[in-house]
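Please read it alongside the sequence and the model.

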Amino acid sequence: MALLFLRRIVQTALILLGVAAITFLLLYALPADPARMIAGRSATAQTVANIRHELGLDQPLLSQFGTYLGNLLHGNLGRSYAQKTEVWTLIVARLPATLTLMLAGIVVEVVLGLTLGTIAALRRGGPVDRLVMMASFVGVSAPQFVVALLLLYLFAVTLGWFPMSGYGTFAHVVLPATTLGVLGAGWYARMVRSAMIDVLNQDYVRTARAKGLSSRRIILRHALPNAILPVIAMIGIDIGQFMGGVVVVEAVYGWPGIGQLAWQAIQQVDIPIIMGVTLTSALAIVLGNLIADLIAPVIDPRIRTR
Amino acid sequence: MFKSWLRNTTMATVVALAPFSAMAQAASQGGDIVVTYKDDITTLDPAIGYDWVNWSMIKSLYSRLMDYEPGTPNLVPSLAESFTVSPDGMTYTFKLRKGVKFSNGREVVASDVKYSIERAVDPKTQGPGAGFFGAIKGFEDVTGGKATTLSGIETPDAGTVVFNLSRPDATFLHVLAINFASVVPKEAVEAAAGDFGKKPVGSGTFVLKDWTIGQQLVFEKNPNYYVKDVPHIDKFTVEVGQEPLVALLRLQKGEVDIAGDGIPPAKFLEIKNSADGAKMIVDGAQLHTGYVTLNTKIKPFDNVKVRQALNMAINKDRITRILNGRATPANQPLPPLMPGYDKSFTGYAYDVAKAKALLAEAGYPNGFETTLFSTNTDPQPRIAQAIQQDLAAVGVKAEVRALAQANVISAGGTEGEAPMIWSGGMAWIADFPDASNFYGPILGCAGAVPGGWNWSWYCNKDLDARAVAADSMSDPAKSAERTATWSKIFTDIMADAPWIPVINERRVVAKSLRMGGADNIYIDPTRVINYDAIYVTK
């Protein structure tokens, strides 16, 4: 276990280094000059040159990357080009919002996915099953910005049940989390359904039934824990998926998270912010997978023996 | 109006005009309003902020020696009580208003003005506005790192600032009215330790009370502001991260008073035709011209006949329809609101047959293939496609390349890279209402350099000399002559046709029914939303 942990930490560091290198090189390979973006159109060549010098952009690329990595090791993500504020401050100010949204999104997808998947498995072949599978298909296929706008229009504008945008109360999180969770819920419903069908045909379920256990107990105690395994493994991967989704969802609902920060930074070629958010997301994805790996043996003893 | 201001300055001294007299009529005091924007506010540091969202907020947080009458391009003294200009136009002397205080309680003195401008010019500040102060003596020494103070700014006493110029600059009073000339207290800048943009201290109409990053900014009225009953509202809260569509829905429900990003094109007609729509839409002219650059260094655009032919090929009316009529066709570089715009100039009329004939005359009877660059946010690619179709009608096959703004800017500033660029979406709005602002960087030789903004790479030495001559006419008595000179420069440029002037776009802001004030204070030519002048009715 300790060895696994150590190996994972080394892997994480290497992955982050790789992500940093690729992102950095890609950003600077772009035909867009940050100094020129900051300087604006009325700047003289001297002003642009001065800005470029102050930002260190006149250094060779490798030495710029070296400086960046050096600062990174000291926990310094640099200052935003456009805002002239520490990137770390900006990310920390916005991270709680994104984490809240992701956590709520996971709750939505798991609860919705498990419930619908189980119901569909129990009503296999019937109209309920078909309806759930169709809904899950729509959930999986619908682009998130469409879902976001539909939910917004229906529940916030027309019915007025939830606020249209903003952050701070439980009511604010419902629609963004649902938008984020619908996609995963669709996948989970399908996964749980087929896993459940498998499990329900297993001998031990038949035995349990033969022993005269109630069907609720069979499903909750015997079938579901086995059917849930693939879902748990998926949650870690989902964190990565969510990192992409939050950009759209945060934009539509005015959710003040790091996705919104990244989106604005990309438009301004604010490289320190883009780097900072990318590294934060990469870290979240790696940690998500790590958590999934650590949880799996706890739930499924078969993995532990390996 | 412009002329009358200049006439005043010939009197040598301008008596403290009540700068905001124009808005004294019937504006009610009080009220809290909510304003929304999609993007976060980048910075409120006046030496750095340079986008159209923070521009109006910085205007209200700070004061400057000069300002504009709300809703107009008319200069008036603001922090200055009066000023004199030497007959040769090389020395400007300002007397400061007495008793003006920063929001930290300290009185504004002459050395603050000197410090603030030196800070804007200092390369360490990384400010985009340094170049505006190029006429002040000692400018090169500061930007070149040889000095940290501008030898051309003197402060003989706490209430007097003297500017000595190295060359006459007829736009100098405008330069002192732009945000980069905002007066800031040195101690607050130093206390903020590089984060002054988030902890601003000024002497303007409003004070920043609270800033929750990514969520909202709260501005409260400065009770000590030096003009009575300005501003009118007590407080405005800027909520950021609000998608324009959502902001609009909230506005209709009464939760928002001003939707700063306007109305998404797809929603415009629906709102306009709704019951209260007309009262909610503010649709105003701005100092904007949208144009297509024709790169004079790339074949076949090096041929003036080709450039003239394409000027006749574009159906500008159709493009205004793509924008739901929120624009008017343009025929010259200057927008109609700009002093120097020539009303009698007709330019090149839309005439496909004539365009084809001229292309044949230039040796391209069957047209040619080229590339048209455009930014990639709606509606710009659609406009680029309309231009593409118009070009196809005269036999020119243009491939549309829609890229992110930063990439288009980069392509434009790289020699031999972009044959044609549609300028839409690159926020081309004048920094101040003077014709010279539409020449130097975008049509003059100085801008036709790698990294420049003269994407036609057009360089006409003769016109450059005339431009320098015009900007040297700082004697206020020659203002009419100066405006006429500029006017002629821009119409003469059209003979060489480095641009296709396409449209003058109007800005749209959506406001709630309770907001009062004329349209031109919601789309103020020098500051977009004028928070000092707007008010709440009832």
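The contact between the two chains takes 41 residues from chain B and 40 residues from chain A, where residues are in contact if their C-beta atoms, placed from the backbone, lie within 7 Å. This is a predicted model, in which local features need pLDDT of at least 70, side-chain atom pairs count only at pLDDT 80 or more, and totals for chains, interfaces and linings use all residues. Residues are numbered from 1 along each chain as its sequence is written, while chains are lettered from A and ligands numbered from 1 in the order in which they are written.

**The side of chain B that touches chain A**
- Helix 7 (244–252) and helix 14 (405–412) of chain B are the elements that give two or more residues to this side; helices (H or I, at least four residues) are DSSP runs numbered from the N terminus.
- Helix 14 of chain B gives the most, with 6 residues.
- The residues of this side divide into 15 nonpolar, 17 polar and 9 charged; Ala, Val, Leu, Ile, Met, Phe, Trp, Tyr, Cys and Pro count as nonpolar, Asp, Glu, Lys and Arg as charged, and the others, Gly among them, as polar.

**Domains of chain B**
- An automatic or database assignment gives domain 1 (14–203 + 508–536) and domain 2 (288–505) of chain B.
- The C-alpha centres of these two domains lie 31 Å apart.
- In the contact between them, 14 residues of domain 1 of chain B meet 16 residues of domain 2 of chain B.

**Annotated segments of chain A**
- An unreviewed UniProt entry lists residues of chain A under "transmembrane region", including 12–30 and 273–296; such annotations may be inferred rather than shown by experiment.
- Residues 12–30 of chain A are 95% helix and 0% strand (strands being DSSP E runs of at least two residues), with end C-alpha atoms 27 Å apart.
- Residues 273–296 of chain A are 100% helix and 0% strand, with end C-alpha atoms 34 Å apart.
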